[in-house]
Amino acid sequence: MPLPSADEAIALLQTPFERLVALGRLPAEELEAIGQAAWACLHGLISLRVIRPDIAWQPDLIERSLDAVIRGWLRGEGAGRAHDAERAETPVSLAGVRPPR
């Protein structure tokens, strides 16, 4: 059984994706898979930073990786074009998404 904090973290992660579904930018039927893909990406990147502190990790690697994962699921203008959010109808970066305090 997952910890309540794990459920809260997953809910926080899903919120931006739910917004993009509401805007028609992500397919609603894939919401669970999108969340799992992002969660797995984050888990891997964070775990690797912890177990391999000897590597000079790029400072924006997490943001860039999540952008790439999200763009792979996008519909419409801007789909599949990494780091081209200014040309998309709706920016998809999670860089500005912060959990509520």
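This is a predicted model: local features need pLDDT of at least 70, side-chain atom pairs count only at pLDDT 80 or more; totals for chains, interfaces and linings use all residues.
A salt bridge is a side-chain nitrogen of Lys or Arg within 4 Å of a carboxyl oxygen of Asp or Glu. By the salt-bridge rule, the count comes to three.

- R52 is partly exposed, because its relative accessibility is 37%.
- D54 has 57% relative accessibility, so D54 counts as exposed.

**Salt bridge R75–E29**
- R75 pairs with E29 in a salt bridge, and the closest N and O atoms are 3.3 Å apart.
- R75 is partly exposed, because its relative accessible area is 38%.
- E29 has a relative accessible area of 61%, so E29 is exposed.

**Salt bridge D60–R64**
- D60 and R64 also meet through their side chains, in a salt bridge of 3.7 Å, N to O.
- D60 counts as partly exposed, because its relative accessibility is 31%.
- R64 reaches 39% relative accessibility, so R64 is partly exposed too.

**Nonpolar surface patch**
- I46, L48, V50 and I51 make a nonpolar surface patch of about 380 Å².
- One of these residues, I46, lies in helix α2, which covers residues 31–51.
- I46 is partly exposed, because its relative accessible area is 44%.

**S65 in helix α3**
- S65 has its place in helix α3.
- Is S65 buried or exposed? S65 is buried, because its relative accessibility is 17% and buried means under 20%.
- The S65 side chain reaches the backbone oxygen of L61 at 2.8 Å.
- S65 also touches C41 and L45, leaving out residues up to four places away in sequence.

Methods:
Residues are numbered from 1 along each chain as its sequence is written. Side-chain values use heavy atoms; hydrogens and water are left out. Patches are made of residues with over 30% relative accessible area and no salt bridge: like charges are joined within 9 Å, nonpolar side chains (Val, Leu, Ile, Met, Phe, Trp, Tyr) within 5 Å. Accessible areas come from the Shrake-Rupley method with a 1.4 Å probe; for residues, only the protein chains shown count as cover. Helices (H or I, at least four residues) and strands (E, at least two) are DSSP runs, numbered from the N terminus. Buried means under 20% relative accessible area, exposed over 50%, partly exposed in between (1.4 Å probe, protein chains only). A polar contact is a pair of N or O atoms within 3.5 Å; within protein, one must be able to donate a hydrogen and the other to accept it, and residues adjacent in sequence count only if both atoms are side-chain atoms. Contact means heavy atoms within 4.5 Å.
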